[in-house]
Amino acid sequence: MAARKKNNGSIIILAVVIVVLVGGFFLYKSGVFGGKDKEKITVYSIFQEEEARKILDKFKEETGIDYDILRLPSGEAVSRVQNEMLNPQADFLMGGPADSHEVLKKAGALEAYSSPNASDIPDNMKDKEGFWTGFYLNPIAIGVNEERWKEKYGSDPYPETFKDLLDPKFKGEIGMSDPATSGTAYTAVASLAQVWGEDEMLNYMKQLLPNLKERPKSGIEPIQKAAKGEYTIGVTFLGDQLKIKNQGNPIHSIVPEAAGYEIGGLSIVKGGPNTKAAKKLMDYMLTNTPGEIYTQSAYAVSVKPSVPIPQGGIDIKSTKYNSAYDLWKAADQRKDLQGALKGLR
Amino acid sequence: MKEKKGTGESLKRLLKDPSSLVLVLTSFIVLILFVIYPLIVVVFTSGFDNWGMFFSKARYGKALLNTVVSSSLSALTATVIGFIYAYAIHYSNIAGKKFFRFIAFIPLLAPSVMSGLAFLLLFGRGGMISHWMNSVFHVELDLYGLPGLWIVQTISYFPLAYMTITGVLRSISPNLEIAAQNLGARGFRLFRTITFRLALPGVINAFLLVAINCFADFGNPKLIGGNYSLLAVEIYGEIINNEPGLASVMGIILVIPALLVFWVQNKVLSKGSYSTVTGKPVSGLKRITTSRKTDILLFIFNTIISIFIISMFAITILFAFTKNFGRDNTFTLEHMMKVVFSSSSPAVLNSLVLSLVSAILAVAFALVLAYIVVRKPFPGKKLLDFSAVLPIALPGTFVGLALIVTFSKGPIILQGSAALIVIAMLLKQMPVGYRGLTASFKQVDKSIEEAATNLGANSRKTLTTIVFPMLQKTVVANFVYAFMKNMNTLSTIIFLITPKWVVAAVSIFNYAETGTYYWAAAVAVGLMGATLGTLGIIKLIFRSKVKIFDF
């Protein structure tokens, strides 16, 4: 590119200032300044960014490792990590249902690491070879805005099962994220496919469509909008509902029969820019502090027995969730089921 | 001096002038690599299966239909509002014209997705105004889907229509209107038969511009569209689903109307127009203005639009500086500190740096291109010119899509680097500068340059000492325009974001989508602050040489 010289002193000064600032910024970004004490880790977070930042700020306090973060819905995070396998951008994948991590493990995009802190986590909540480790447990639930329910349906009983949602009176009153992009909705439909069979699940979803107000990309949105009174019912993870309820919103949650659950996982991206720091972060994540930060703000259940059930949280063992939910099978079926779901509408 | 013609001759002359040769070759390489090559890759990626898939599944057909319907509606209202707004400013005696011009300018400072955010905060079912309507009138506002999208796109694109139409209205000679008046035309008849007739090409142009912008808009449909699916959003979904083929098919479908509009603008409108679209005010007699009654109506109309725009910005600022507006109205700087001034959240800074770099490169490249195309003879000039202007017709979503599909696999891998973001922004803005600078170059008399050459200056020296200083105004104007556009672009770069290079528009979109409204608002305020600050510095340096804050 040609040099742009001008006969104007101020322009030259401006150009120099810009070049120095921009150049400095790029060097700073690539970690030339500061050396080791300015270590950085790159995290793809499927957690809400607020929670991820809370944990990462604590991690930064303890280890001095700063972070870059990009929040993504789980579907997007999976394809991103897969697409970047030749040139990995991230070190650590935080949160998101375990079947997403399972997909990445199969693709060979993850680094195996069994943290010493993972020893007390039950075997069905972590990968045997250490490609991913569970962090929390969270069932699908039907969340009802009690105020809007009273306005619309008076003293009718709340829906108890998924099939109750097919009632035509709920037309335009239900929000559920798009199973084709959201891990949340996919967990729900995969569990239904396991309990009812695939055809019945598809048939069910087809019947449910007219009642759905919208199918947003991100899993938490339906309950946020239900809480704001944009519609009455949001189908999301229980943790998201409890979180919003505890902010003072009139939400009543029901964990229906055949509800799947997510095991929120953690994994290390293979060949990322700072795998060493990623292993440190994995160890740190499996201590009690992050578990408490997360379960307290997200109202999920920690996979670690040593982390207490948060105040306002509920013990899911008392509900009728699909305890036989096979997340490995869900991961296998993902592409087929999502393809079939896309044919609806 | 008579120039010899012919490819051989021009090639020979080019070889004798090495610095020009370098410029020509670089330009060819850049344009072929980043414009032609990605286009070819996208066309090949689309594949027959995917075309079949697209036309066999109802989901996509519906998205296409929805996109056409919503863009046409939004473009229609934006054009009508833009026309009335501009007419009021140029044809009436209303007070506060300067204020109204300023109001039409401020939406340009913010990404269009900010309109979507502000709309959610005001009219979402939990929003301020809908809450108030519900408690006072027991009316339930439900604007998600087409109605909300229609309103938001109208508001975010009406300034574009307003500016285009302003250019045309200013170029209409008052003499014609006075002549018509002398012949007996009055009031609405005068407006209908003369003013509107003369402005029509510009109005159509504005409509088309807004329509293609809406057609490829990504942020607002994603935020407010709800179940009302649109093509740009479907493309995003397919990229996420790792289906570049399907995404490419939809990308190509997105491009077709844009290319048609581009063609119409270039061929049809320029032939059938009654007045030029230069935007230069026409000298002559004093313009006939509207009656007192019309003035009042126009004033009310412009005031309503202004209130609408002001309230959108006000609610965003309120959310940015309070704990959780509506629930906890305590003033706080916490959100700003967390997402704007934090080393772990550099989105606004990233936007600023990438936009500056890209704007500088875009103008520099446009300058080089304009120079060689206007001044230097070389073979393949038509192709170079075509591929330099082409990106102007490509929707941002498509540019981003083409770059990510092309450079994430194959011989050249740029995915994950900031370079791709810079290039995407550059491709969108360079053609605008190129067109402007080509026109300016043609106005600079070639004999001045030839005199310099005769005095022994080579082409680099001629360029830097003669040509560039004469083009300074155009260069700065284009730089400012490109910078502002870059700061606010979302659809062009949404596919290209990396964790290290998250930009502000994407953050606003992400936070708005996940309901973290105060963070979205804080980033929006930070972004506007950064844009204003930079423009202020440019203004300080160039003072009267550049028009930024003169409306």
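Me: A nonpolar core is a set of buried Ala, Val, Leu, Ile, Met, Phe, Trp, Tyr and Cys residues joined through C-beta atoms within 7 Å. Which members of the largest nonpolar core touch the most other members?

Reply: They are B:Leu117, B:Val210, B:Ile508, B:Val523 and B:Ala524, out of 264 residues. Helix α15 (residues 347-375) of chain B gives the most to this core, 20 residues. Buried means 20 or more other C-beta atoms within 10 Å (exposed: 12 or fewer; partly exposed: in between). Helices are DSSP runs of H or I, at least four residues long. This is a predicted model, in which local features need pLDDT of at least 70 and side-chain atom pairs 80 or more, while totals for chains, interfaces and linings use all residues. Residues are numbered from 1 along each chain, and chains are lettered from A in written order.

Me: What makes residues count as contacts of B:Ala524?

Reply: Their C-beta atoms, placed from the backbone, lie within 7 Å of its own. Beyond four places in sequence, B:Ala524 therefore has B:Ala110, B:Met114, B:Leu117, B:Thr316 and B:Ile508 as contacts.

Me: What is the confidence in chain A?

Reply: pLDDT, the predictor's confidence from 0 to 100, averages 85 in chain A, with 92% of the residues scoring at least 70. Over residues 1-7 of chain A the pLDDT is below 50. Where pLDDT is low, predicted coordinates should not be read in detail.

How values were computed. Helix = DSSP H or I, 4+ residues; strand = E, 2+ residues; numbered from the N terminus. Contact = placed C-beta atoms within 7 Å.
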